[in-house]
Amino acid sequence: MFRNFFKVAYRNLLRNKGFSVINITGLAIGMAAAILIFLWMQDEVSYDQFHKNKERIYEVWNRVAFDGSKLSTWNGVSDLLGPILEKDIPEVERAVRVVSDKKSLFSVGEKKMIETGCLVDTGFLQVFSFPMLKGDASTALNDKHAVVLTEKTARSLFGNEDAMGKIIKVDGKDNFTVTGILKDLPVNTRFEFNYLLSRANLKYGEGQNLGWGDNSTPTYVLLKPNVNITSVALKVKGLRQKYNDEAKTLKWEMFIYPLSRWRLYSSFTNGVEDDGGRITFVKLFGIIAGFILLIACINFMNLSTARSEKRAKEVGIRKVVGAQKGSLIGQFIGESVFLAFLAGIVAVIIVQISLPGYNQLIDKKLLINFGNIYTWMAFVGFILFVGVLAGSYPAFFLSSFQPIKVLKGTFKKANALLTPRKVLVVLQFTFAIVLIICTIIIKQQIDYARDRNTGYNKDNLVYQFMTGDIPKNYAQIKNELLTSGVAKSITKTNSPLTERWSNGWGQSWEGKDPNDQTSFDRYLADEGLGVTAGLQFVQGRDFDLERFPTDSTGLIINESALKVMKFNDPIGKKVDDLGVDWHIVGVIKDFILTSPYEPTRPILICGAKSKFMTFYVVQIKLNGNNPTAKNLQKAEAIFKKYNPDYPFDPKFVDEAYARKFENEKTQGTLAGLFAGLTIFISCLGLFGLAAYMAENRIKEIGIRKVLGASVAGITALLSKDFLKLVVISFFIAAPLAWWGMYKWLQSYEYRVGIEWWVFALAGLLSVMIALLTVSFQSIKAAVANPVKSLKAE
């Protein structure tokens, strides 16, 4: 029986090559798109799930109201907290602190490399189970001068030699012994490092011993097995207040956040986890994958039922000779599974071809693991699911034909106002139009934020981190860059102009409201920041240490900070912050230090005499009269002269600022890509339906032409039914898209409005696309010679 079913399916495939190609192509593209999205989703939900003790690992978070009402929540705590957690809470097995993104110069003989790593507490490798190839995870970091390398880093430094026990000079100073080799880190982890050092190597100002005023140290705890989480949470909640009087005043709370929620959630509103975070996009793209797959299956359903007349007599004869409805359903579902199998093979080929570009777009390293038995099981299950889903409706539809009516030729129904086929076409285009509208609005939002005035001039502005001997030789480097004509101006700061590395509260000034707990962003500069970055002064002046040595305790504030302080004449006013009595020398217009989607925050730009901030960055305004390549070549020679052991690695500020839009840009690109695929699959089905309609009505068209109907009239007759369905789809899609985009835009304080023309454009595009798809077959049928279609009558 199965052999017979297979023969019938194979013959039908060859007999209707055009419709078979459309069916297989539509299913293959839909399946490929779904597979690509499922690969991304699987990667997202698997983040850090490989740790052996993942159910017992938590991160410590802060929760406090600075302005007296809205609770702020973030995942950096005081450096003092790690040892206190182990001492005061018996349920904590280990507490570890991490300082990330630490760049160091590694020297082995004549070989020198800049590597990025982490400085961690000794228990880091006991809390997090990164696979260790050599060494003992429990003791590898016990010595201050021990270093643990990843496999790739060890190979880069020592080639094929065994790196264990070898000596590495770090930053040209201390020697470190290799005590462990880790397997290269998986891509699905929040941690990024090529080496690990003990936190005992931290310098003052890098996160160590900054007291309760600094809250920027990621701290993780490993709880003991089978502890009461509620009890632990209660102890952690008030722990800071036990040691810090200010915390009592502010009612400062802390809480532990489980590893399982780090990647996908970690979004809070007023101290409570909200519906935001990456889980929103995982769910959204899961829905998109489902709809794309559904649309591909709808194509199959529509084309299969449209061709029902061709299979009707076969069904009638099978029933007359004794075939039961169940066996017919099995046959037709088997045929659809066979087609789904062929489509699945094509889909995998499409996925393999698409993966390099797809990985580049989403910045991941996704792959299909063909060596895993679960991959093959999932693939078989996926094919069966698609085959059954796509074939279920046609199977029940075809098997329901009554043999008497079929053999008499009276089984056809008159055109109904509402048919399942029309409903399926409307569903297809509804989803396609929703994606078109969403793509347009996402692009608008990106452009709206990108076109926002940054408050500074990004052109020809680069920065270089102060590595090695740059701090010691900064004056000479600055002088040669200026005298050589490479740079117009230079300054040094604590962070790049596009990043906030410090913020805090507790400042005091004349006339301050005692209840004011405003948090200010902090920035550190020596002199010339205004001219280097192109900041716009509305009052006062820039720092100038040569003319005004007291500018080392000077303060430049932005307009948002001035609104908070409420000074009528701010120049000369005193502001106390972190134990320094600053005096205001200038007020600048607001500039974007953090997210371009958020309102600018109050900023304090402190002079060089800061107790807690350190200069880490040289900001250089290149001479625009020279070619950029020439400027960088000369600058590299100057930096290598005074800092020979470290590479010159300039970063362009405009590129750093552009990276702020990458997340939304990726969302928009993916939405546009899947919108295009959805439209293509929908039009593929529409094309097949139009072709079959034209084929079925060929004699009607011939008679109409003989009676004098024009090509335009016949084309309009054949196209109007499909266009009506697209218009209905638009009226369903428009409110759905508006609601979805309205909710999405609420996550941005600085956002674009939703305008009517977006919907008009999407509607027009969908009608034009459908018209072009259908009209090809309509015109082809309309221009055909009626003699050929009527000669048999």
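1. Glu44 counts as buried because its relative accessibility is 1% (buried means under 20% relative accessible area, exposed over 50%, partly exposed in between, with a 1.4 Å probe and protein chains only). The model is predicted, so local features need pLDDT of at least 70 and side-chain atom pairs count only at pLDDT 80 or more, while totals for chains, interfaces and linings use all residues. Residues are numbered from 1 along each chain as its sequence is written, and side-chain values use heavy atoms, with hydrogens and water left out.

2. Glu44 and Lys364 meet through their side chains in a salt bridge of 2.8 Å, N to O (a side-chain nitrogen of Lys or Arg within 4 Å of a carboxyl oxygen of Asp or Glu). Glu44 lies in helix α2 and Lys364 in the loop between α11 and α12, so this pair ties together parts 320 residues apart in sequence. Helices (H or I, at least four residues) and strands (E, at least two) are DSSP runs, numbered from the N terminus. Lys364 is buried, as is Glu44.

3. Glu44 also forms a salt bridge with Arg263, where the closest N and O atoms are 2.9 Å apart. Arg263 sits in the loop between β11 (253-258) and β12 (268-269), so its pairing with Glu44 of helix α2 (residues 17-45) links parts 219 residues apart in sequence. Arg263 is partly exposed, at 26% relative accessible area.

4. Lys87 and Asp88 form another salt bridge, at 2.9 Å from N to O. Lys87 is exposed, with 59% relative accessible area, whereas Asp88 counts as buried at 19% relative accessibility. Elsewhere, shared partners join Asp43, Glu44, Arg263, Arg278 and Lys364 into one salt-bridge network. The whole structure has 33 salt bridges.

5. An open sheet holds 4 strands in the order β15-β24-β14-β25, with antiparallel pairing (two strands pair if DSSP finds at least two bridges between them). At its edges, β15 (487-493) and β25 (651-652) have a single partner strand each, so one side of each lacks a neighbour in the sheet. Strand β14 (residues 461-465) is joined to β25 by 2 bridges, and Tyr463 stands opposite Lys651 in β25.

6. Asp171, in the loop between β7 (167-170) and β8 (174-182), has a positive phi of about 55° although it is not a glycine. Leu578, in the loop between β21 (574-577) and β22 (580-588), likewise has a positive phi, about 50°, and is not a glycine.
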